[in-house]
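Visitor: I would like a close look at a single part of this protein, and then at how the rest is arranged around it. Please keep to what can be read from the model.

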Amino acid sequence: MIPVASLILAVLITLSIGLFLYEGINHLNNGTPGSVTILEEPELLDALRNAQDRGVLLAMHGWAHEDYSTLTPLQIKENIEKGKYVFEKAGIVPVAFILPEEPIHGTIDASLKREIESNGIPTELPVLETDGTYRNEYTWNWREMESLEDSRYQEASEQIREDNPTTILLHAQDWNPYTKQFITDYLSSTNERNVTIRVDDVEVNTRPEMVSDMAQLTQYESVGQVAFAVIPAGAGKGDNPAIGNININRIMGVYFWFFIITSLLPLSFFATWKLLSKWHKNRKQNRYLLEDGRDPKDPNTKGPILVSVISPAYNEEKSIGKCLQSILNQDYKGKMEVIAVNDGSSDRTAEIISKYPVKLLDLKVNGGKANALNKAIEIAKGDILIFTDSDSYMAPNAVSSLVKCLNENEEAQMVAGNVFIHDNRGKKES
């Protein structure tokens with residue numbers, strides 16, 4: 001399950017980081033403050049001045065469309081002064097300051113309103129006020145619309161006929177043939193004679209012909225006033241080249257995600273796999289820690305480790321005594337308990353075991369070696385378990401050598417010693 005969990009986490013990490021970076025890049029691409037001003041777009045300036053001559057109100061829409069609620073009074077003052085300078089140089093009169101992202105009849109914080117107006121520019125225009133009942137922005141995000149058959153167009157057409165609004169909010173980036181058709185159809189059919197149209201986000205990348213097109217809305221008898229909210233500074237995008245019919249920005253977007261998926265996803269996957277594997281290993285090892293939290297396999301573990309030596313016996317009256325004595329003669333310096341299991345013997349095995357200072361587990365019915373060992377393990381208290389047959393005799397350093405070997409090999413879960421067999425002539429063979 002670790003690889004599957006690692007893959008899921010890696011996908012989530014990749015998507016989170018990728019979306020964060022993608023949004024950041026888009027933000028920088030669409031609105032780097034102060035990199036370009038409208039003064040550097042002479043054709044746009046001509047279009048704005050011509051619109052002003054036609055009676056269009058031009059308002060300042062921040063400096064670079066920043067959030068003014070996060071700015072200090074000094075920053076607000078500096079931004080307004082810079083905006084005034086740009087408007088003056090451009091030959092444009094800013095009739096008001098329209099707070100970025102503020103609705104037509106939005107309520108500006110009183111202290112923020114005072115701070116802005118203290119710099120000599122109003123934050124409200126009576127001609128732009130509404131009754132506060134509806135924002136009246138019907139064409140939001142129509143920049144991608146490709147047909148009059150679009151359901152949004154049909155729904156908005158029905159809604160505007162029902163509302164018969166006297167104020168309409170547009171965004172410059174949404175101005176296209178479909179938005180123009182929608183607005184002009186309404187202006188030509190309504191009985192109202194004092195409709196206000198406000199267009200937000202006119203900025204350095206707004207096409208001059210678009211500004212001229214929107215300014216022509218003043219010619220309709222139903223229109224009372226048209227106002228443009230102009231952003232003085234922004235990031236110049238320049239030309240937007242394409243390869244064939246594919247926009248370069250889309251190609252770069254595809255490449256960005258290709259890079260993120262082929263580089264960040266594998267890195268996240270293997271890093272997560274390693275961390276989860278390490279966590280799983282540590283969790284597994286913690287099962288074998290001593291009661292006080294020490295690792296019995298750590299060579300630096302201080303204090304004695306309790307060892308349980310278990311010897312099952314079935315009818316071993318001839319050898320069990322010597323076996324137990326060899327266990328009791330061990331040179332191991334730590335704590336040790338000895339458990340001898342009488343596995344239902346019919347001879348004197350249990351009687352002999354009872355004469356030694358060991359724990360006797362006396363099973364009345366012979367259940368086999370495996371059963372005898374399992375019964376002994378249930379009562380054993382040792383941190384390390386050592387098993388020996390009852391017809392075998394342990395060398396004096398057997399326990400200490402086994403414990404030392406286990407401690408020195410961190411990856412090992414068990415160790416075993418050599419077994420030597422004595423033949424009838426006393427010769428020892430491995």
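Guide: I116 lies in helix α4, which covers residues 110-117. The model is a predicted one, and in it I116 has a relative accessible area of 0%. Because the limit for a buried residue is under 20%, I116 counts as buried. Setting aside neighbours within four places in sequence, I116 is in contact with I76, I80, F97, L99, I121 and T123. The C-alpha atom of I116 is also 9.3 Å from that of Y68, a residue 48 places away along the chain.

Two of the elements that come next can be tied to these contacts. Helix α3 takes in residues 73-90, and strand β3 runs over 94-97. Helix α3 lies across β2, β3 and β6 (223-230), at about 145° to β2.

These strands belong to an open sheet of five, ordered β3-β2-β6-β5-β4 and paired in parallel. At its edges stand β3 and β4 (167-171); each has a single partner strand, so one side of each is left without a neighbour in the sheet. Neighbouring strands are turned against each other by 25° on average, direction ignored. Strand β2 (residues 57-60) runs parallel to β3 and is joined to it by two bridges. Within that pairing, L58 has P94 in β3 as its bridge partner. Helix α6 (residues 177-189) also packs on the sheet, where it touches β4, β5 (195-202) and β6. The direction of helix α6 makes about 170° with that of β4.

Strand β5 spans residues 195-202, and a salt bridge links D200 with R198, with the closest N and O atoms 2.8 Å apart. Both partners are buried: D200 has a relative accessible area of 2%, and R198 has 4%. Another salt bridge joins E209 to R207, at 3.2 Å between the closest N and O atoms. Here R207 is partly exposed, at 45% relative accessibility. In helix α12 (residues 398-408), E408 and K404 are four residues apart, about one turn of the helix. Their side chains meet in a salt bridge of 2.7 Å, N to O, and E408 is partly exposed at 49%. The structure holds twelve salt bridges.

A second topic is the open sheet of four strands, with the order β12-β11-β10-β13 and parallel pairing. Its edge strands are β12 (359-363) and β13 (384-387), each with a single partner, so one side of each is left without a neighbour in the sheet. The twist from one strand to the next averages 20°. Strand β11 (residues 336-343) pairs with β12 in the parallel sense over five bridges, and D362 in β12 is the bridge partner of N342. Helix α9 (residues 320-328) packs on this sheet, touching β10 (307-313) and β11, and its direction makes about 165° with that of β11.

Of its 430 residues, 39% are buried, I116 being one of the buried residues. Among contacts between residues at least 6 apart in sequence, 76% join residues at least 24 apart. The accessible surface comes to about 25300 Å², and carbon and sulfur atoms account for 53% of that.

Note on methods
Residues numbered from 1 in each chain as written. Predicted model: local features only at pLDDT ≥ 70, side-chain atom pairs only at ≥ 80, totals over all residues. Heavy atoms only, no water. Buried < 20%, exposed > 50% of the residue type's maximum accessible area, 1.4 Å probe, protein only. Contact = heavy atoms within 4.5 Å. Pairing = 2+ DSSP bridges. Axes fitted to C-alpha atoms, helices over the stretch in contact; angles between N-to-C directions. Areas by Shrake-Rupley, 256 points an atom, 1.4 Å probe, with all protein chains shown as cover. Salt bridge = Lys/Arg side-chain N within 4 Å of Asp/Glu carboxyl O.
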